[in-house]
Amino acid sequence: LIRHYIKRFLQNTRGKTVANEKCDRYNEKIKWRFFYERKEQYMSEKVSVPEIFGMNVFNDAMMREHLPKKVYEELKNTIERGEMLNSEIADIIANAMKDWAIERGATHYTHWFQPMTGITAEKHDSFLAPPSNGRAIMEFSGKELVKGEPDASSFPSGGLRATFEARGYTAWDPTSYAFIKDDTLCIPTAFCSYSGEALDKKTPLLRSMQALDKQAVRVLRLFGNTDVKRVITTVGPEQEYFLIDASVYEKRPDLIYTGRTLFGAKPPKGQELEDHYFGTIKPRVSEYMKELDKELWKLGILAKTKHNEVAPAQHELAPVFSTTNIATDHNQLTMEMMKTVAGRHGMACLLHEKPFAGVNGSGKHNNWSISTDTGANLLEPGATPSQNAQFLLFLTAVIKAVDDYQELLRLSVASAGNDHRLGANEAPPAIMSVFLGDELSDVVDSIEKGVDYHDKEKTLMSIGATVLPHIPKDTTDRNRTSPFAFTGNKFEFRSLGSTASISGPNVILNTIVAESLSEFADELEKAEDFDSALDKLLRRELVAHKRIIFNGNGYSEEWVEEAERRGLSNLKSTVDALPVFIQDKTIELFTKNKVYTESEIRSRYEILLENYYKTINIEAMTLISMTKKDIMGAAIEYQYTLAEVFNAKQATGVAVTAKTEEKMLAKAASLTEALAERLDKLEADVDKVDESADALEIAKYYREVIFSDMSSLREVIDDLEVVIPSDIWPYPTYGEMLYSIK
């Protein structure tokens, strides 16, 4: 209100331009005063991480405290062994969960789920029940805990649900703890249709984890391991993001509507000096990171590492690994909290894969491994020959899986946003390959050739299955150009886009490795001599799939040529990759392992295609709007200004001195003409879209025509931005955005 009256007063007395400048300075003072007040507040608060960690989570400690011992044990059996809960037990759990949540200020509950929109969804209901004697009653039953009923037809279904078929169900996932967010008890759930098809990202993930668990346990039994009851996959997803000041974000409709800038000339300084990477964190960003850590810790999220990334205004957060299901939930919460906390600090958090052209985009590295319920990491080389034999079998299963299903793995990271990164020498190439490092590559070579292996101390080791060598851990460098790199006890899948849910890639990783393990178990279970059969299997499979192993520079043109000679696929865009989803080989893989039904596969194919071309359509419409409303006007105003100066000089008889203005005016006129022509072409081509056509054909049209039109129009806009004065140019530039956080 104060700002409003100041602005009105200044407008009435000193003119609009002065008023806006004064108001901007006043806003800046308020913003910085707010920042320093919050800084003082945080400095005065001593954060005890052990005390706040998980305080908003109904975790194992809370369950043990609030539930009767018998109920707690039954719930643990459900979580660990998948046993059914009876309704009486569910009622007791629900009541305890409600009491715990109300103690912490919660008034509502929601079934928190992950539909195919790529973000989370929630519908809030209060704990209020019909009043008794005029007094409010707070209730929450086991039925409400276990099942909800959102409108299934309002979420992407790929044809699984018609508009008039609204019924869908959310089902409690007890393997992921409930938590409190914004005074609401959030219950992680799966989401399915009335007829039982999965409409979400969680259900297939749980199925894929179950498939890998089953096959991995079969393999472990062959090694005489009877202690392990369950095998799980674990993930630690690193998350990259940009932070810019909210004041510049709000002036860029393209960032608001699409998450990325649709135009923008390269700033004088970008990431050339590499001075931002691991550099000193700016005070505003540091305060943001502190609060983000605090909010994540309250939710039981193991936020561990934070630092500046390569590009200006780019940063990264990395958590400690956790079970894949929980890691997926936590990553969705992390992205949500990043945006929420940024708003409190007068900033905007950008999670798009490529918010700024010409500087590195953002991804997330999916650090994936396989562990047992006894605490063993199956991808960690052991200290004994038998442990290394087991390790090499699991390693070979992963190598085989990546080679056999390289196109599917590429598909798992495909999106309109990620197309800007993959293969752009800032992220791994679109060609899938496995990096093992020198040590493991030597081991693989020795097995392939059937010769003795010498470790780095020159100790002679046999490759017989019972006396496999001691394999040192982490003896080689990392390869940041590899899409799938072994890093000592895990694989780092580096190709994921920063906006993506990690569910999809991990569904595919789990399933393809489960398939390899299934084939190995089928063969070895029939063997009369296990050691001999294992030795034969390892040698055969490593020879067959050696083409997928590459330790060199994935950015080089030589690798592209070499990969083609090896017969590896190079699916350069999302449109190239998506048809892999409905190939017979893919359908057979998923249906055999009971991860997707065929109808669920085909529905996701349709959803992914629609998401792709709708994303580009939104970008095109945004670019058209910004060009017509502001950029064209700025170009004309610039010409008008130049023309006034030129005409004034002509009128005074000093035309010879107006040559500079004449050249500038000619260039501006040429650019404006090109702007109008390319804008007209983009509009006309958008109007030509045949919405009745096959979804793949529409996606191809957007990729080949609309995307090309947008790139062509952008070239002219960027050229105009360079020559038009800043007081005429209507939008914040790259330099203003990337360096907006002081």
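Helices (H or I, at least four residues) and strands (E, at least two) are DSSP runs, numbered from the N terminus. The model is predicted: local features need pLDDT of at least 70, side-chain atom pairs count only at pLDDT 80 or more, and totals for chains, interfaces and linings use all residues. Residues are numbered from 1 along each chain as its sequence is written, and side-chain values use heavy atoms, with hydrogens and water left out.

A313 is found in the loop between β11 and β12. A313 is not a glycine, yet has a positive phi of about 75°. With a relative accessibility of 8%, A313 counts as buried; buried means under 20% relative accessible area, exposed over 50%, and partly exposed in between (1.4 Å probe, protein chains only). D183, also not a glycine, has a positive phi of about 60°. D183 sits in the loop between β7 (179-181) and β8, and is partly exposed at a relative accessible area of 43%.

An open sheet of four strands, with antiparallel pairing, has the order β11-β12-β10-β14, where two strands pair if DSSP finds at least two bridges between them. Its edge strands, each pairing on one side only, are β11 (303-308) and β14 (347-350). On average, neighbouring strands of this sheet are turned by 30° against each other, direction ignored. Axes are lines fitted to C-alpha atoms, for helices over the stretch in contact, and angles run from 0 to 180 degrees between N-to-C directions. Strand β10 (residues 239-245) runs antiparallel to strand β12 (residues 314-319), and four bridges join them. In this pairing, Y241 stands opposite H315 in β12.

Two helices pack on this sheet. Helix α11 (residues 283-298) touches β10, β11, β12 and β14, and its direction makes about 165° with that of β11; contact means heavy atoms within 4.5 Å. Helix α12 (residues 324-344) touches β10, β12 and β14, at about 155° to the direction of β14.

Rolling a probe the size of a water molecule over the atoms shows where empty space is left. On a 1 Å grid over the protein atoms alone, a cavity is a set of points where a 1.4 Å probe fits but cannot get out, and a pocket is an open set with protein on both sides within 12 Å along at least five of seven lines; lining residues have an atom within 4 Å of a point. Grid points are joined across faces, edges and corners, and a volume is the space filled by probe spheres set on the points.

A search of the whole structure finds four cavities of 30 Å³ or more, and the largest cavity holds about 110 Å³. Of the 14 residues that line the largest cavity, P237, I301, P319, V320 and H330 lie nearest its centre. α12 gives the most to this lining, with four residues. The lining of the largest cavity divides into eight nonpolar, six polar and no charged residues; Ala, Val, Leu, Ile, Met, Phe, Trp, Tyr, Cys and Pro count as nonpolar, Asp, Glu, Lys and Arg as charged, and the others, Gly among them, as polar.

The second largest pocket has a volume of about 1400 Å³. It is lined by 42 residues, and T78, I79, G82, P174 and T175 lie nearest its centre. The lining of this pocket comprises 16 nonpolar, 13 polar and 13 charged residues.
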